Amino acid sequence: MSRRVVRVFSRACHALFLLAVLAAAACRHEHPVIAVIPRTCGTALWEPEHAGAAAVARQRGLDIYWNAPMRDDDIQAQIALIEKSVSRGYAGIIVSPIETLPMRTPIRRVLAKGIPVVVVGTKLGIDPGPDLTYVLSDERAAGEMAARRIGSILDGKGSIAILGINPQLMSNLERERNLEATLTREFPGIHIAVRQFGLSSVPQEQEAAEELLAKGQKIDAIVALSLASTRGAYYALAEFGKAGVIKLVGFDQDLIPPIRNGGIDSVVAQNTYAMGQLAMDLMDRELHGKGSATVLEVPPVLMTRENVDSAQIRQILNLAWWPPR
Amino acid sequence: MRAIFTTRNLIAAGSTVASIALLACAGVFVFRAIARRGPFSAQSVSLAKQDDWQAFGGTWQYADGVMQNNSDERGAKLMTGPTYWSNYSIEADVLLLGQYGDAGLIIRATDEEEGVDAYHGYMAGLRDLDNTLILGRADYGWREYAAKPVAPRVNAQMWYHVKFLAYGCDFAVSATAPGGQTTSVAVEDPGCLTEGRFGLKSYNTGAEWRNVVIRKATRQDLEAMTGGARLPIATPDELPMGAAPGSYDHYFEPIQRDLLAHHTDLNAQPISTLRLLSPDVPASVTVHGVVTLTSPVLFIQDPTGGLAIPDSHAHAPLQIGDEIEARGDAEPHDFSSRLRNADVRVLWSHTPVPPVAVTAAQAATGAFDAEYVEIQGRLEHKDEAPDHTLVLSIDEASQSFLAIVSEAGQAERLRALKDKSLLRLRGVCVVDSRYTHDLTSFALLLPSFNDVVVLEGPPWWSAGHIVAMTIGVLLLALAALSCYVLIERWRMQAVLEERGRLAHEMHDTLAQSFAGLGFQLEAIRDEANQGSNIVPQLEVARVMVRNSHEEARRSIAMLRPENLESVGLLRAMENCAQRMVNGTSSIAVRVSSAGSERAIPLRISDTLMRIGQEAVANAIRHAHPAHLNISLDYLRSAVELVVEDDGCGFSLTSELAGFGISGMYKRADSIGATLAIHSAPGEGTALRVHAPTPPSFFRAFWMRMQNSWRRQSNGNAHR
């Protein structure tokens, strides 16, 4: 009798244990989670990447962990987010590095753990492979685009300043090289009077641009190679009453209203929405073992007063990462 | 017995125990989760209890009923409350410190992390960038459901009363301006987040909150805010601010206002050059720098150095990370400068200066005076100073320094700060004797308690721990010794029990068989004719059987366990001897004892018993004595067993092996005893075993004391 009771009790315990294990398994994420870590979030430049990545993720049955440093120069916070994603066991990482060199070791460590990575926006100097692919904005085209816009608005002659050169980001250097190469090749009448390195924040960029303007040097146009330098240059021009007089061609979408009134002539915009889509598509392939050494380049778009309300620009600026109701 | 411990049974038992443990854990978890779900308590919300709030980014400080976030990080949050609250409202007075951000209240939040929109929940608040009351939902990404222009407008440095209510999937927010004008927004969010905790949030600006009140919300409360109308379905804006075609003026104006506020004096001097000015000729200068400390003194820093601004007039509250322009009278000092009567203006925010990592030895040179640095050191002690200030005394290598920080509302964290912990501190390095009191070469002024990071706790090898460990080791050794003694006792008892079992077996089988054989032989002899040749042979066989029977009886007597612990060694010896001589009435057994009787360890008494039994058996078997004396002397540190007989004796040189004497020597040797046998033909035999006994602790102590007194009394006698 007592043996029967023990047997029944033991079987009941095992049944409950099995139920608990099944419940624990059911509580796990239904879908693989992909960490998408831009340089920062909540901005016109990076939120569209969220929208593009989320649209593809929904189709492929993937979940997204979207987070980024609160400042777009906080490389340590970005590395910490990558490490957190690894420790949480996320299936893959899509990252837009703030700087090139400090990101190499963390990415190599992620790859060593067999976690697929898609790098967005800049090359890292690590060769692509089945687990590492790149989705880049076509910086060669971007440099050429800015150069041709400058050539067009200056009618092929004049002096320009190039601000925001950032050696810490390979994509930025590529922009600058192609800008200068195109100007030299196609617009020999345009003289580059000033080259300035980029600074870490908008106010510093603004101050640097103010000093440039205060010198009284004759400049017909400014090419600002980053979001911060574009905003800083625009603020300085507005402060000196030169907005629209000295033409400003910037990079990376940020302030939209000054494009409408000509304070900023144009901005070479990265199509981060398409980059997000492509990155998630590559990630899905890598997760299914179909990854290959891929480097995709997305053509930039010149955002001007004339096309700021076009369907193409609206798509690039699309923030709708959430599922439709 | 062995069949119970099969692999299958063991696995089944193990998994059953694991299942029970898991179910018990789950039960405790569920019970605690239910127990935590206490009643809705509005009184439990207090800004003053900073330990109840959890910060995700930002620099939070509480003073005079106001919670302030001094940082203009994008997305700083301060959260509290249980995650199971569903229908409730939160209201507070909110003030924005800067002109280019938003601040407000969070409701129904879960899974918060550091990050711009890193939480699941709803947020409503005021945005001075575009002058709106905003309402939206964050799911690690922001969905802005509404941005309604505020009447008359959102101004920084002004208090607005914000009330945010959630009922079901309906959300309503209202903001009341200082002039009494109220702006309201309400939406329905189908598929809403149904429960979560609440908090404060700011984006791109510092902000202040006061009078935070949480209340349970009802349908009537919702209708009071919305007028009972059906709420519009929440539809998020799909374009960034200023991108919509009709929003040009709406967004351009604040951008224009903001940029013009940052006009800078291009003749600003690098801070380090102020030290080169003449101390005797007053000089009015302009500098630019980033705020590194606001209290107790304003400090700023540019790439060339740091500067203290003791008496400043600021147009707006300053926050760490603000880039400012300061115009005032330069006052050069030995290691850095000060700016007196300064007029301070914020140029831009959110440009915090990263600290320079230095050692205490480097900081002690004064080279980093007024600069924002990071230093590691070990906490020696902490002292409370006036005005809720805490002074930490830190040691690092050859240098000591003080770290000064406000401790308001940090009681819990303060308690967790243990002496001798290794700390990483971030603050402004000062060599001013007002802070160092000339006790140390420099002091560190910390912006907040968040700038104290414990890298590792105090080292384990403290005096208290060493004492505790010594006591622990001693207790462990004592326990091990007790275990060893216990196991030895069990083993001995097992041996004795086995001997008893063997004695019983022999008694029931061998001895009975010998007895039966004897009876049978006697019967055959009685039946046989007296003159038969077989009678003498039968007689021989009968004697042989009787002798064997006696041998068996003696062996049984030797093997039979005596309860040495209860009856004592001497009594046990006597019992055993009496059993052995039983039937041999010619041998008289006498036992005697000398000295004070005491307990003898079981191992020793058992060995003496065995030797004594062997000696008695030998005497009965071979010596045919008339008397057998057994005596036991309890000496000071030994016990001596003597077995004497007046039998025929033997020559010690010739017959040792045959009598099992070598076995007795081996037994004696096993307990460190000495065995002496005195015998000669016709003179009887005396066997003496001298076994040392270990002194008890108290006895040894007493003996030592006695010796000491004896020596003392001898010494006195000599004198």
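User: Is B:R197 buried or exposed?
Analyst: In this predicted model, B:R197 counts as buried, because its relative accessibility is 11% and the cut-off for buried is under 20%.

User: Which residue does the side chain of B:R197 meet in a salt bridge?
Analyst: The partner is B:E112, with an N to O distance of 3.0 Å. The two residues come from distant parts of the chain, 85 residues apart: B:E112 sits in the loop between β6 (102-110) and β7 (120-127) of chain B, and B:R197 belongs to strand β13 (residues 197-203) of chain B.

User: And B:E112, buried or exposed?
Analyst: B:E112 has 12% relative accessibility and therefore counts as buried.

User: How many salt bridges does the structure hold over all chains?
Analyst: The number is 44. One of them joins A:E139 to A:R175, whose closest N and O atoms are 2.8 Å apart. That pair also links distant parts of its chain, since A:E139 lies in helix α5 and A:R175 in helix α6 of chain A, 36 residues apart. Both A:E139 and A:R175 are buried.

User: What about A:R185 and A:E186, how do their side chains meet?
Analyst: They meet in a salt bridge with an N to O distance of 3.8 Å. A:R185 is exposed, at 53% relative accessible area, whereas A:E186 is partly exposed, at 32%.

User: Changing topic: what is the strand order of the open sheet of six strands in chain A?
Analyst: The order is β7-β6-β8-β9-β10-β12, and the pairing is mixed. At the edges stand β7 (190-197) and β12 (301-304) of chain A, each of which pairs on one side only. On average, neighbouring strands of this sheet are turned by 20° against each other, direction ignored.

User: How do β6 and β7 of chain A pair?
Analyst: Strand β6 (residues 158-165) and β7 of chain A pair in the parallel sense, over six bridges. Within that pairing, A:I162 has A:R195 in β7(A) as its bridge partner.

User: Which strands does helix α5 of chain A lie across?
Analyst: Helix α5 (residues 139-153) of chain A lies across β6, β7, β8 (221-224), β9 (247-251), β10 (266-269) and β12 of chain A. Its direction is at about 170° to β9(A). Helix α6 (residues 170-186) of chain A packs on the sheet as well, where it touches β6, β7, β8 and β9 of chain A. The direction of α6(A) makes about 170° with that of β6(A).

User: Why is strand β5 of chain A largely enclosed by the rest of the structure?
Analyst: Six of the six residues of β5 (residues 132-137) of chain A are buried, so the strand is largely enclosed. Both of its faces are covered: A:L132, A:Y134 and A:L136 are buried on one side, and A:T133, A:V135 and A:S137 on the other.

User: Which strands run parallel to β5(A)?
Analyst: Strand β4 (residues 117-120) of chain A pairs with β5(A) in the parallel sense over four bridges. Strand β11 (residues 295-298) of chain A also runs parallel to β5(A), joined to it by four bridges. A:Y134 takes part in both pairings: A:Y134 is the bridge partner of A:V119 and stands opposite A:V295 in β11(A).

User: Now the interface: how many residues does the contact take from chain B and chain A?
Analyst: Chain B gives 57 residues and chain A gives 52. Between them the chains bury about 4300 Å², of which 62% is on carbon and sulfur atoms. In chain B, the residues that lose the most area to chain A are B:R74, B:L266 and B:W348, together 13% of what that side buries.

User: What is the count of salt bridges between chain B and chain A?
Analyst: There are two salt bridges between these chains. One of them is formed by B:E113 and A:R88, with their closest N and O atoms 2.5 Å apart.

User: Which elements give two or more residues to the side of chain B that touches chain A?
Analyst: They are α1 (7-36), β4 (74-80), β9 (142-149) and α3 (248-260) of chain B. Helix α3(B) gives the most, with eight residues.

How values were computed:
Residues numbered from 1 in each chain as written. Chains lettered and ligands numbered in written order. Predicted model: local features only at pLDDT ≥ 70, side-chain atom pairs only at ≥ 80, totals over all residues. Heavy atoms only, no water. Pairing = 2+ DSSP bridges. Axes fitted to C-alpha atoms, helices over the stretch in contact; angles between N-to-C directions. Contact = heavy atoms within 4.5 Å. Buried < 20%, exposed > 50% of the residue type's maximum accessible area, 1.4 Å probe, protein only. Buried area = accessible area lost by both parts, 1.4 Å probe. Salt bridge = Lys/Arg side-chain N within 4 Å of Asp/Glu carboxyl O.
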